[in-house]
Amino acid sequence: MSLAEVVQITSVMLGLAVAQQSAEHLAGARDRLLFLPRLILALVLVAGWQQAWVTWALFAYGGVLLHRFDGPYNGGSDKMTLLITACLSAYHLAPETRWQEMAMAYLAVQLVLSYFVSGYIKIIKAEWRSGEALCDVFRFSAYPVSERLRGWAERPRVLWLMSWAVMGFEVLFPLSLLHPVALIGALVVAGTFHLANACLFGLNRFFWIWLCAYPSLIWFQDRVLG
C-alpha cells in the first residue's frame with residue numbers, strides 16, 4: 001500500500017470508530033449534545049470531504065473531551081483514538097513527504113509498543129505469571145460477564161495457560177515485523193484477541209480503534225523493514 005492509501009483507509013476506519021463511540025453516548029442519557037458534533041465530524045470524515053480540516057477538528061474535539069472528563073475517561077481506547085487522530089493531523093500538516101512518513105511511522109511504532117509494553121507489565125507481575133490475575137478477571141470483573149463465564153475462574157490450569165499465551169504473544173509481537181506474512185498472522189491473532197474481549201467483557205471500543213492502526217503497521221513493515 002502507498003502512504004496515501006494507508007492514510008485514506010485509516011481515516012475512514014477512524015471515522016467509523018469515532019462514530020460508534022459517539023453513538024453510544026447519544027443512546028445514553030448524559031452528554032448527548034457534547035457528542036453530537038463529534039458524530040457529525042466522524043461521518044464527514046468517512047465521506048472523505050475536507051479530510052484534513054475534519055481530522056484537525058476531531059483532534060481539537062479530543063482536547064475538549066479530555067478537559068470535560070479530566071482525562072481519557074474510557075482509558076486505553078480514548079488514548080489510541082487521540083493518538084491516531086494526532087498522527088493523521090500531523091500527516092496533513094507535514095510540509096514534506098518524509099515528515100508525513102514520520103507521522104505514520106510513529107503510529108506504527110506506538111502500536112507495536114502497545115502490545116509489547118502490555119505484555120512486559122503483565123509478565124513481571126507474579127499474579128499474572130501464576131494465572132491468578134486472569135482468574136480474578138473472571139471472578140470479580142465489573143464487566144457484563146455471564147455466570148457461565150465466571151465459572152472459568154474455577155479452572156486455574158486453563159487460565160494459567162491462557163495467561164502465558166497472552167503474555168508470550170504480546171512480548172513477542174515485535175518479532176512479527178521480520179516478515180510480512182508473520183505480521184499479517186500476528187494482526188489476525190491480535191484482532192481476534194480484541195474481538196474476544198469485546199464479546200466476553202464488552203470492550204468493543206478497543207476492538208474497533210486498535211484495528212484502525214493496523215494499516216499503518218503493514219505499511220511501516222513494507223516501507224522500513226521489507
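**Cavity lining**

I sorted the lining of the largest cavity by class and got nine nonpolar, five polar and two charged residues. My classes count Ala, Val, Leu, Ile, Met, Phe, Trp, Tyr, Cys and Pro as nonpolar, Asp, Glu, Lys and Arg as charged, and the others, Gly among them, as polar. This is a predicted model, where local features need pLDDT of at least 70, side-chain atom pairs count only at pLDDT 80 or more, and totals for chains, interfaces and linings use all residues. Residues are numbered from 1 along each chain as its sequence is written, and side-chain values use heavy atoms, with hydrogens and water left out.

I found one cavity of 30 Å³ or more. The largest cavity holds about 200 Å³ of space. It has 16 lining residues, with Arg38, Gly62, Leu65, Asp78 and Thr81 closest to its centre. On a 1 Å grid over the protein atoms alone, a cavity is a set of points where a 1.4 Å probe fits but cannot get out; a pocket is an open set with protein on both sides within 12 Å along at least five of seven lines; lining residues have an atom within 4 Å of a point. Points join across faces, edges and corners, and a volume is the space filled by probe spheres set on them.

At least two residues each come from helix 1 (3–27), helix 2 (32–47), helix 3 (51–68) and helix 4 (76–93). Helices are DSSP runs (H or I, at least four residues), numbered from the N terminus.

**Largest pocket**

I read a volume of about 970 Å³ for the largest pocket. Its lining has 29 residues; Lys122, Val166, Glu170, Phe193 and Asn197 lie nearest the centre. Helix 10 brings the largest share, eight residues. By class I logged 19 nonpolar, seven polar and three charged residues.

**Helix 1 against helix 11**

I find the two axes within 8 Å, crossing at roughly 160°. Axes are lines fitted to C-alpha atoms over the stretch in contact, and angles run from 0 to 180 degrees between N-to-C directions. Helix 1 and helix 11 are therefore roughly antiparallel; the cut-offs are under 35 degrees for roughly parallel, over 145 for roughly antiparallel, 65 to 115 for roughly perpendicular, and oblique for the rest. The crossing is left-handed, with the near helix turned anticlockwise from the far one by less than a right angle. Contact (heavy atoms within 4.5 Å) involves residues including Thr10, Met13 and Leu14 of helix 1 and Trp208 and Ile209 of helix 11.

**Helix 1 against helix 4**

Here I note an angle of about 140° and axes 11 Å apart. Helix 1 and helix 4 are therefore oblique to each other. Helix 1 passes helix 4 in a left-handed crossing. Among the residues that meet are Val7, Thr10 and Leu14 in helix 1 and Thr81, Ile84 and Leu88 in helix 4.
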